Amino acid sequence: MSIDFSVRRSKLVDMLKELGYIRSFKVERAMLAVPRELFVPDDVREYAYDDRPLPIGYGQTISAPSIVAHMTELLDPKPGDKVLEIGTGSGYQAAILAEIVGPEGCVWSIERIPELAELAMRNLGRTGYLGRVRVVVGDGSLGYKPEAPYDRIMVTAAAPRIPEPLIEQLKPGGRLVAPVGPLPFQVLLVVDKKEDGSIEVRRDLEVVFVPLIGEYGWRDEREALAQLTEKGVII
Ligand code: SAM
């Protein structure tokens with residue numbers, strides 16, 4: 001029997017609205033429009049509308065839909081915005097952002113694992129978002145200078161501190177959302193750059209993300225893992 005993913009998608013969206021993760025019409029519309037089942041591997045496709053992260057290979061995950069919705073609400077992107085995402089993964093979050101910024105906007109997404117960047121491009125291609133999303137292989141902790149400045153920046157991997165280049169590459173009046181702190185638990189930070197260039201930081205939910213590996217993130221996987229084993233976390 002074939003699965004009716006669109007029914008599951010709208011049930012999940014209703015649940016995320018009830019739980020308060022979806023709070024605006026634009027995020028609701030985007031979550032209804034993007035088929036998450038086409039961003040997850042075949043062997044976990046039937047779980048595409050469970051509210052949980054799923055493995056996408058290379059030790060990485062596609063985040064739970066509630067986290068995607070909540071972070072998108074915090075970021076509050078607008079039609080026409082230029083958005084930078086760090087950590088393309090499956091490409092799902094980038095597609096959600098692309099739905100909201102619309103044809104006048106653009107999403108630049110940076111992924112450090114070339115195979116995942118390719119996977120994301122395939123997923124974005126078959127769902128029709130590749131025109132509005134540009135995927136770049138590289139260390140996103142450095143941001144992406146050629147296209148800076150950005151109206152909005154979203155980091156979808158855990159950074160030990162806010163990467164300085166990302167603040168620099170944010171427009172005055174712009175906003176950054178990132179999970180920041182030690183492993184395994186971080187806090188979502190909402191960073192607003194005021195028109196005068198000053199920075200205002202607000203703390204939001206506690207979250208669990210895979211590490212941001214790079215010059216302004218964790219040095220390498222070993223350093224990130226050492227953090228966890230030091231704390232007695234069994235992985
Ligand atoms: N946004 C993704 C999605 O919608 O599927 C999920 C992101 S996953 C939780 C985190 C991603 O960040 C992984 O794909 C990982 O390889 C990537 N990553 C980690 N460090 C990075 C860095 N310095 N630059 C770019 N990507 C990085």
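Strand S7 is largely enclosed by the rest of the structure, because 8 of its 11 residues are buried, where buried means under 20% relative accessible area, exposed means over 50%, and partly exposed lies in between, computed with a 1.4 Å probe on protein chains only. The strand names used here, like the helix names, refer to DSSP runs numbered from the N terminus, with helices (H or I) of at least four residues and strands (E) of at least two.

This is a predicted model, in which local features need pLDDT of at least 70 and side-chain atom pairs count only at pLDDT 80 or more, while totals for chains, interfaces and linings use all residues. Residues are numbered from 1 along each chain as its sequence is written, and side-chain values use heavy atoms, with hydrogens and water left out.

The neighbours of S7 can be taken in turn, with two strands said to pair if DSSP finds at least two bridges between them. With S6, the strand S7 pairs in the parallel sense over 4 bridges, and within this pairing Ile153 has Leu176 of S7 as its bridge partner. With S8, by contrast, S7 pairs in the antiparallel sense over 6 bridges, and here Val180 has Val187 of S8 as its bridge partner. In general, the side chains of a regular strand alternate between the two faces of the sheet.

Another cis peptide bond, with omega about 5°, joins Ala148 and Pro149, and Pro149 is placed in the loop between strand S5 (133-137) and strand S6 (150-155).

Tyr58, in the loop between strand S1 (54-57) and strand S2 (60-62), has a positive phi near 60°, and its relative accessibility of 51% is why Tyr58 counts as exposed. Asp76 is found in the loop between helix H3 (65-75) and strand S3 (82-86), and its phi, also positive, is near 55°. Because its relative accessibility is 25%, Asp76 counts as partly exposed.
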